[in-house]
Each structure stands twice: as C-alpha cells, then as structure tokens.
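Thanks for coming. I will go through one structure today, and I will keep to what can be computed from its atoms.

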Amino acid sequence: MHASDEYNEVEHLKQLLKDQEVSAKLLVRRDRELTRAHEKIQELGQMKSDFIFVVAHQLRTPLSVTKWALDILGENAHESLTSEQQAILARGKESNERMIQLVDDLLKVDLYETGKVQYMLTVVPISELIQPVVDRLLPLAAQQGVTLEYVAPEGELSPVHVDVEKLGAALQNVMENAVKYSPKDSVVNIAVQEKSPHLIVSIHDTGIGIPPEDKEKIFSKFYRGTNAVKAQTEGSGLGLFMTRKIIKRHGGEIWFESSAGGTTFYISIPTDTTN
Ligand code: ADP
C-alpha cells in the first residue's frame with residue numbers, strides 16, 4: 001500500500017470514529033429525552049389519578065345528602081304527592097343512584113390501579129363462588145326478561161384459591177353484561193369445566209355481540225362499544241377494565257369469542273394446588 005493510500009485510510013477511519021462519536025452523543029441525548037418524557041407521562045398519569053380521586057370524593061358527600069333528602073321526601077310526602085310528582089321523584093332517585101354508582105366505581109378503579117387493594121384468599125369450591133352471583137342477578141335478569149342458567153358441574157372439580165368478594169364482583173360484571181346486552185326471552189348460560197391446572201368459567205349469551213373493531217378496546221378504561229351505547233344507555237365502561245385486573249391478580253385470564261349471534265366470555269381461574 002502506498003503511503004498516500006495509508007494516509008487516506010487513516011483519515012477515513014478518523015472520520016468514521018468522529019461520526020460514531022456524534023451518533024453516540026445523539027443516542028445518549030435521545031435516551032435522556034425519552035426518560036424525561038416517560039417520567040412526564042407517569043407524572044401526568046398520577047395527576048389524572050389524583051384529580052379523579054379528589055373529584056369523586058368531593059361528589060360523594062353531596063350525592064349522599066341528596067339521596068338522604070330524596071328518601072325522606074319519598075317516605076314522608078308520598079301520600080300528598082300527585083302521581084306525576086311521584087314519577088319525577090322516582091326519576092331523581094334513579095339518577096342519584098346512578099351517579100353514586102359511578103362515583104363509587106371511579107374510587108374503586110383508583111384503588112385497584114394504585115395497587116392499594118388487599119386480597120383475602122380462601123379455598124372454596126367453584127359453585128360457592130358462582131351460585132351467590134347468579135342469585136344476586138336474578139332480579140335484574142327477570143326485569144330484562146332473560147333466563148340465567150347455571151349448570152353446576154357434574155362430579156368434583158378442584159377448589160379454587162380466591163378472594164370470594166372480589167372475584168365474585170368480577171364474575172358478576174361479566175354476567176351482568178351478558179344479561180344487559182341480551183334480547184328479551186333469551187337465555188344466558190353459565191358453565192364450568194376443569195382444564196388442569198385451571199377451571200374455566202364460560203358465560204354465553206345470544207345478545208348484540210362485540211364487533212371485531214372493538215375486540216382490543218373493550219378492556220380499556222371507559223370504553224363502551226357503539227352498539228352497546230345504542231342498546232343500553234347506562235354503563236360506565238369501567239366494568240371489564242376492573243374485571244380483568246382482578247382476574248389477572250388471581251393468576252387467571254379473561255377472553256371472549258363473539259359474532260352477531262352472541263358472545264361467550266371465558267374466565268380461567270387457577271385451581272388450588274396446596275393439597
Ligand atoms: P359497560 O357495560 O358499562 O359499558 P364494561 O367495561 O363492562 O362497560 O364493558 C365494556 C364494553 O364491552 C361494553 O360497553 C360493550 O361494548 C362490550 N361488552 C361487554 N360485554 C358484552 C356482551 N356480553 N355483549 C356485547 N357487548 C359486550
């Protein structure tokens with residue numbers, strides 16, 4: 001190699017080194033910017049969470065006072081009210097209850113998101129978890145003209161290790177949706193099968209279905225499908241978000257299959273392995 005070629009080669013390498021240094025500095029700067037942006041997002045998330053918590057708390061007291069006032073009015077002035085006034089009072093009570101429910105849901109979401117919820121796990125047969133939820137939903141189902149059918153599993157299934165109240169609330173939400181989004185005179189079927197090391201609870205309805213474009217979104221906070229909003233004006237879009245959090249905390253999963261002919265939700269719950 002000629003001396004001039006060597007010289008060119010060295011210069012070329014020097015240039016490459018310089019370029020690399022510039023790129024490395026750029027990368028470090030980008031990394032810092034991304035870290036800062038990430039911190040900012042977390043900070044904003046916390047601010048949003050604090051804001052919701054404070055507002056929900058502030059709303060809770062006046063809503064309870066209104067509930068109290070409406071209850072007293074209903075009890076004491078019932079006789080002297082015209083039927084039109086009674087209807088207005090009943091609508092007021094209903095709206096008030098809805099607001100209280102929403103505020104309670106918002107406060108609960110905050111607790112679950114910030115991981116402040118304590119779980120009390122006990123070992124129970126699956127029917128002890130499901131049957132009370134079905135019983136609680138019978139009045140709503142009757143009101144909607146829907147039959148809730150729980151086929152208790154044949155034979156012994158492994159017990160589950162769960163927080164009965166919280167997982168019960170999660171199951172209730174999925175069953176309640178199945179009833180809410182079903183047509184009159186239809187049946188919602190609940191069944192359980194064992195697929196070791198899990199029990200799989202299925203909740204099948206012949207309702208409005210979940211459109212494919214909503215598939216990824218229905219577990220997000222506040223999301224409500226457009227067909228769901230049309231079918232049922234009431235709903236916060238918080239139920240499935242909380243439900244999934246509770247199920248995951250138990251080491252389980254939730255998924256669904258849906259078509260225009262209805263929906264089946266599946267919930268897997270790990271079986272108790274201590275015996
Ligand atoms: P909400 O029922 O208050 O709207 P959820 O978080 O419980 O909120 O459910 C989110 C959305 O998932 C619903 O708005 C609806 O679009 C869809 N969904 C859930 N369950 C069903 C079901 N069984 N059939 C049809 N759509 C459903």
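**Backbone, salt bridges, cavity and patch**

Asp 185 sits in the loop between helix H4 (164–180) and strand E4; helices (H or I, at least four residues) and strands (E, at least two) are DSSP runs, numbered from the N terminus. Before going on, the ground rules. This is a predicted model, in which local features need pLDDT of at least 70, side-chain atom pairs count only at pLDDT 80 or more, and totals for chains, interfaces and linings use all residues. Residues are numbered from 1 along each chain as its sequence is written, and side-chain values use heavy atoms, with hydrogens and water left out.

Back to Asp 185. Its phi is near 70 degrees, a positive value in a residue other than glycine. Asp 185 counts as exposed, at 67% relative accessibility. Here buried means under 20% relative accessible area, exposed means over 50%, and partly exposed is in between, using a 1.4 Å probe and protein chains only.

Phe 222 is another non-glycine residue with a positive phi, about 70 degrees. This residue is in the loop between E5 and H5, and with a relative accessible area of 42% Phe 222 is partly exposed.

One more backbone item: the peptide bond from Ser 196 to Pro 197 is cis, with omega near 5 degrees. Pro 197 belongs to the loop between strand E4 (187–195) and E5.

Now the salt bridges. The rule asks for a side-chain nitrogen of Lys or Arg within 4 Å of a carboxyl oxygen of Asp or Glu. How many salt bridges does this rule give? The count is 11.

Take Asp 71 and Lys 93, whose closest N and O atoms are 3.5 Å apart. Asp 71 is in helix H1 and Lys 93 in helix H2, so this pair ties together parts that are 22 residues apart in sequence. Both ends are partly exposed: Asp 71 has 25% relative accessibility, and Lys 93 has 32%.

Is Asp 105 buried or exposed? At 17% relative accessibility, Asp 105 counts as buried, whereas Lys 108 is partly exposed at 36%.

Glu 113 lies in helix H2 and Lys 221 in the loop between strand E5 (198–205) and helix H5 (226–231), so the bridge ties together parts 108 residues apart in sequence. Glu 113 is partly exposed, with 36% relative accessibility, and Lys 221 is partly exposed as well, with 22%. There is also a network: salt bridges that share partners join Lys 67, Asp 71, Lys 93 and Glu 97.

Glu 113 and Lys 221 come up again in the next item, the largest cavity, which they line together with Ser 49, Ile 52, Leu 106, Val 109 and Asp 110. On a 1 Å grid over the protein atoms alone, a cavity is a set of points where a 1.4 Å probe fits but cannot get out, and lining residues have an atom within 4 Å of a point. The search of the whole structure finds 1 cavity of 30 Å³ or more. The largest cavity holds about 50 Å³ of space; a volume is the space filled by probe spheres set on the points, which are joined across faces, edges and corners. H2 gives the most to this lining, with 4 residues. By class the lining has 3 nonpolar, 1 polar and 3 charged residues. Ala, Val, Leu, Ile, Met, Phe, Trp, Tyr, Cys and Pro count as nonpolar, Asp, Glu, Lys and Arg as charged, and the others, Gly among them, as polar.

Last, the surface. Phe 51, Val 55, Leu 59 and Met 99 make a nonpolar patch of about 350 Å². Patch residues have over 30% relative accessible area and no salt bridge, and nonpolar side chains (Val, Leu, Ile, Met, Phe, Trp, Tyr) are joined within 5 Å, like charges within 9 Å. The areas come from the Shrake-Rupley method with a 1.4 Å probe, and for residues only the protein chains shown count as cover. Helix H1 (residues 3–76) gives the most to the patch, with 3 residues. Leu 59 is in helix H1 and is partly exposed, at 35% relative accessible area.

Definitions and conventions:
1 Å grid on protein atoms, 1.4 Å probe; cavity = no way out; pocket = protein on both sides within 12 Å on 5 of 7 lines; lining within 4 Å.
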